[in-house]
Amino acid sequence: MDEILVEMYLPASGKTYDIKIPYNAKIYTLINMLAKAMTELSEGEFKDNGNSVLVDRDTGNIFDINFSVYELGLENGSKLMLI
């Protein structure tokens, strides 16, 4: 499995996006990638300031940036939030 499909909620815009993310990516790399993508997709409602965090939408837990997607147990259908 190279990629998984996750549901990304963006509180800044109030919208949810389905996004494919690399299964082996480290969270710190993923945050940078997602922040840039969300800045474009939200048409400026979200602005990447370099301080974004990735959160489990169901629990509110902030993901440790030193782990990878698979190490955190993320899978298809996981619900994430970028703040």
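The structure is a predicted model. Four strands form an open sheet in the order S2-S1-S4-S3, with mixed pairing. Helix H1, residues 27-41, packs on this sheet and touches S1, S2, S3 and S4.

**The sheet**

- The open sheet has four strands, and its pairing is mixed.
- Strand S2 (15-22) and strand S3 (54-56) stand at the edges; each has a single partner strand, so one side of each is left without a neighbour in the sheet.
- From one strand to the next, the twist averages 40°.
- S1 pairs with strand S4 (residues 79-82) in the parallel sense, over three bridges.
- Within this part of the sheet, Tyr9 stands opposite Met81 in S4.

**Helix H1 on the sheet**

- The direction of H1 makes about 140° with that of S2.
- The buried residues of H1 are Ile27, Leu30, Ile31, Leu34, Ala35 and Met38.
- Viewed down the axis of H1, these buried residues fall within an arc of 135°, so they line one face of the helix.
- The buried residues of H1 pack against S1, S2, S3 and S4.
- Lys36 and Glu40 lie on the other side of H1 and are exposed.
- Glu43 follows H1 and has a positive phi, near 55°.

**Leu10 in strand S1**

- Leu10 belongs to strand S1, which covers residues 3-10.
- Leu10 has a relative accessible area of 0%; because buried means under 20%, this residue counts as buried.
- Leaving aside residues up to four places away in sequence, Leu10 touches Lys15, Tyr17, Met38, Ser42, Phe46 and Leu82.
- Leu82 lies in strand S4 (residues 79-82), which pairs with S1 in the parallel sense.

Conventions:
Residues numbered from 1 in each chain as written. Predicted model: local features only at pLDDT ≥ 70, side-chain atom pairs only at ≥ 80, totals over all residues. Heavy atoms only, no water. Helix = DSSP H or I, 4+ residues; strand = E, 2+ residues; numbered from the N terminus. Buried < 20%, exposed > 50% of the residue type's maximum accessible area, 1.4 Å probe, protein only. Contact = heavy atoms within 4.5 Å. Pairing = 2+ DSSP bridges. Axes fitted to C-alpha atoms, helices over the stretch in contact; angles between N-to-C directions. Arc of directions from axis to C-beta.
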